[in-house]
Amino acid sequence: MAAATRKRVAPPLLDWSEDHRGEFARGVVSARHQLARLPLFTDEALAAMLDQHDRANLDVCTMGRDPAERSSWRDVPVCRHLPGHHLIEAVHQTRLWVHARHALDTDSELKPVFAAMMDQLRHLNPGWAPLRAYGGVVIASPGAQVFLHSDISETMMFQVRGSQQVFVYPPRDPWVSDRALEGVLLGEAGEDLPYDPSWDAEAARIDMERGSFAAWPLHAPHRIRFGNELSVTLVLEVVTQGSLVKNGVLHANGLMRRAGFNPKSADTAGLGAAVKLAISRAAKAAGAVRRRRGEADISDVSLARALEQA
């Protein structure tokens, strides 16, 4: 029965304009899409997808109601191995956030949709050239929330069931600092950030319903409040040359800072940025990040000192 509801369908369509094209990957963008018409996201189809999904790539979490109470976010490992239909029922009845990571790029029924989504985004935004892309399915309970956090990849969402409000904040102090991002990239901290309700005055609020699309700039902090029915969102995570360089510079700055240096700049242009990117790549390749001790190896001390001001 479930398999019959998960047949392949035509590629999705995005309603796009010159304004969307100009703001894409630079600002907050919202648009309409046709994915919600697909028969791939009913309860039965979602249960079938979950039954086939690698549970190592499944996150199941619960949380409180206060958007400032980050400590209420809890992993629920007992739910990770439930049969798909039981897990969907639990989402309906409790406060859960379920993320089937890589479902879009691994599930046999969803991969054609993922490919069509990426092809269309490339076509609609000339010059946008992702190096890597991944796609997950987020299934959230009525009234659930995601606390303020900053992603290290470029992120975009397609709402296919239910609704959510997304609050997007500027990608700079006081909402997020370079040092906080360095900690995330070094694996020392999670992506969650402190939240101050007064910041909402500076937030872009996106009211997403069935058929809504949203995207925002790299590292822009955001939090999510889900509506009064089960929500299903397709989430794309994309690595571009721009995000690769920005994250590489921040990663190198973090390595240097933990080695006792004090880099002043996170600029992504010029010789200093190129050298920092090389340091980041070399450190990753050599396993030079000692995650547990929070230390780093910078073998060329003179180079690191020169880059303090770069």
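**Notebook: a predicted protein model**

**Entry 1. Arginine 80**

I began with R80, which sits in the loop between β4 (74-75) and α3 (84-93). I note at the outset that the model is predicted.

Next I looked up the partner of the R80 side chain. The side chains of D75 and R80 form a salt bridge, with 2.9 Å from N to O. The pair is also listed as a polar contact between the two side chains. D75 itself is partly exposed, at a relative accessible area of 42%. Setting aside neighbours within four places in sequence, I found R80 in contact with R55, L58, V60 and D75.

**Entry 2. Other salt bridges**

I recalled the general point that side chains of opposite charge can pair when their charged atoms come close. How many salt bridges does the whole structure hold? The search finds twelve.

One of them joins the side chains of R55 and D51, at 3.9 Å from N to O. R55 is buried, with a relative accessible area of 14%, whereas D51 is partly exposed at 48% relative accessibility.

Another joins R258 and E182, at 3.8 Å from N to O. R258 belongs to helix α7 (residues 241-258) and E182 to helix α6 (residues 178-185), so this pair ties together parts that are 76 residues apart in sequence. E182 is buried, with a relative accessible area of 1%; R258 is partly exposed at 25% relative accessibility. I also noted that E182, E188, R257 and R258 are linked in a network of salt bridges.

**Entry 3. Histidine 20**

I turned to H20, which lies in helix α1 (residues 18-23). H20 counts as buried because its relative accessibility is 19%, and the limit is under 20%. What does the side chain of H20 reach? The side chain of H20 comes to the backbone oxygen of S30 at 2.9 Å. Not counting residues up to four places away in sequence, H20 touches D15, V29, S30 and A31.

**Entry 4. Nonpolar cores**

In soluble globular proteins, nonpolar side chains tend to be buried together. I therefore looked for nonpolar cores in this model, where a core is a set of buried residues joined through side-chain atoms within 4.5 Å. Which members of the largest core touch the most other members? They are V137 and F213, in a core of 46 residues. Helix α5 (residues 111-124) gives the largest share of this core, six residues.

I listed the contacts of F213, leaving aside neighbours within four places in sequence; among them are L14, W16, F24, L121, M156 and M208. V29, S30 and A31 are also contacts of F213, and H20 touches V29, S30 and A31 as well. A second, separate core has 19 residues, including V146, V168, F226 and V235.

**Entry 5. Cysteines**

A disulfide is a covalent bond between the sulfur atoms of two cysteines. I looked for disulfides with sulfur atoms within 2.5 Å, and the count comes to zero.

**Entry 6. The whole chain**

Finally, I recorded values for the protein chain. The chain has nine helices and 15 strands. Of its 310 residues, 52% count as buried. Its accessible surface comes to about 14,300 Å², and 50% of that belongs to carbon and sulfur atoms. Among contacts between residues at least 6 apart in sequence, 84% join residues at least 24 apart.

Notes:
Residues numbered from 1 in each chain as written. Predicted model: local features only at pLDDT ≥ 70, side-chain atom pairs only at ≥ 80, totals over all residues. Heavy atoms only, no water. Helix = DSSP H or I, 4+ residues; strand = E, 2+ residues; numbered from the N terminus. Buried < 20%, exposed > 50% of the residue type's maximum accessible area, 1.4 Å probe, protein only. Polar contact = N/O pair within 3.5 Å; in protein donor to acceptor, adjacent residues only side chain to side chain. Contact = heavy atoms within 4.5 Å. Areas by Shrake-Rupley, 256 points an atom, 1.4 Å probe, with all protein chains shown as cover. Salt bridge = Lys/Arg side-chain N within 4 Å of Asp/Glu carboxyl O.
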